[in-house]
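I opened my notebook to go through a few helices one by one. Here is the model I had on screen.

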Amino acid sequence: MADRTRVRQPLLPVLVEHVESRHEQLSSLLEAARAVPLGTAFVHRGRHYTRSDSPEDRRRIKTEAGPTMRIVDQATGKTIHLNQVEEVAFWEWAAVEILRHSGIRIEELTELTHLSVRQYQRPSGEVIALLVIAPSKGERERVIPMSPDLFHAIAQVVRRQTRNRRALPLVSRYDPQERLWSDPMPFLFQRQLGTAHSVIASRTIAGMLRRSCNEIAHSNPAFAHTKFTPHDFRRLFATEIVNGGLPIHIGAALLGHLNLQTTQGYVAVFAEDIVQHYQEFLNHRRTQRPEGEYIDVSPDEWADFQEHFDKRKVELGNCARPYGSPCQHEHACIRCPMLQVNPRMLPRLAEIEKDLLLRRKRAEEEQWLGEIEGIDMTLTFVRTKQADAVRTAQRAPVALGIPTTRRPQ
């Protein structure tokens, strides 16, 4: 399993880029097709298409459900059912994003409901989005703080399910392990097949991943004998959070593991000194509090916990380092993967990039080769964070419809 994770870790960005670009391309193609009448030719990204004008299209355009978006690729003559292919692309993108940013199991993904989205407001007024995972393999409910990327994926699912101001349909889900049907609930991973709504099955998502890996294999030989399963994202998530500095016992809580050794097996790809470091950390905590590791939090401890989040505010945005850990990069925030840039600081990033380019020009004139190498590395990080900030700025706010307590009448 350790070798399996090592092989797939560098391939994950390729898979993510593939499913994201395909969904974006099909989504924009669907919007372009909606804008033209039946039987009209149009051009999208350099390719020529014609919107289908069959009797079925003319009949459905008058119905409440709307027309089926079918187009013909003039280069190949192939008819494309845009509604179907765009829907499959969206659910595959959503599954990949949520699995890789949360580390949940595939059955937990299909069990997510509208009620799983919660929020917690700190005394300072800051609102933290939470994802509540229903009891699954370990029969224990757990809460995952949502990162911006995870929140974006969940928001897009909610937006899709509640478009046109409709309520999220209540459907029953069949549990193949328990062999029982659930009560009708607002499941997030549901879609309409014909006139009925049903929850997307785990094997359907696994099949989507399998098809994408086969498509990538045509241009990337690394995917010829390497496939991704839903559980691979769980192991990659464990790898990423521990490598980012999160204590392993916190990672175990996020993953829903009752035993730290189980989590250690998930992060076995790391060097021995990293695992040893966290073992020493845990042993030190046990010597400090040998009895009742999880006792009630004292007011001083809670105040220290809240102060940690206040101190994470930096010039360019927010530092995501975990509680109880110092800054490992000596506040060199531009190079730090823990820095979450605020989109409003994009002008400041442009100033930093301009300054670095001037410094690089001077280093070239003076032949300071070591300085050039360091500046090039910093420029790479600056441009990466610029792209991430631009991507975040383009995301429109979404009303998730988080349930609230009803006022007594």
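Which residues in α14 are buried? I took buried to mean under 20% relative accessible area, with exposed over 50% and partly exposed in between (1.4 Å probe, protein chains only). I found Ile372, Ile375, Thr378, Leu379, Val382, Lys385, Gln386 and Ala389 buried in α14. An α-helix has 3.6 residues a turn, so residues three or four places apart point the same way.

A note on ground rules: this is a predicted model, where local features need pLDDT of at least 70, side-chain atom pairs count only at pLDDT 80 or more, and totals for chains, interfaces and linings use all residues. Residues are numbered from 1 along each chain as its sequence is written, and side-chain values use heavy atoms, with hydrogens and water left out. Helices (H or I, at least four residues) and strands (E, at least two) are DSSP runs, numbered from the N terminus.

**Entry: α14.** I looked up its span next. Helix α14 (residues 369-393) has 25 residues and reaches 36 Å from first C-alpha to last, close to the 36 Å expected (1.5 Å times one less than the number of residues). The cover over its buried residues includes β14 (339-341) and α13 (346-366); contact here means heavy atoms within 4.5 Å.

**Entry: α4 and α6.** I then turned to α4 (residues 82-102) and α6 (residues 148-161), whose axes come within 9 Å and cross at roughly 145°. Axes are lines fitted to C-alpha atoms, for helices over the stretch in contact, with angles from 0 to 180 degrees between N-to-C directions. Among the α4 residues that meet α6 are Phe90, Trp91 and Ile98, and the α6 side includes Leu150, Ile154 and Gln161. On its own, α4 is mostly covered, with 17 of its 21 residues buried. Gly103 follows α4 and has a positive phi, near 75°.

**Entry: Gln161.** I saw its side chain reach the backbone oxygen of Leu188 at 2.7 Å. Beyond neighbours within four places in sequence, Gln161 is in contact with residues including Trp91, Arg166 and Phe187.

**Entry: Glu108.** This residue lies in helix α5 (residues 106-110). Glu108 counts as buried because its relative accessibility is 2%. Its side chain makes a polar contact with the side chain of Arg105 at 2.8 Å (a pair of N or O atoms within 3.5 Å; within protein, one must be able to donate a hydrogen and the other to accept it, and residues adjacent in sequence count only if both atoms are side-chain atoms). I also noted a polar contact of 2.9 Å between the side chains of Glu108 and Arg142.
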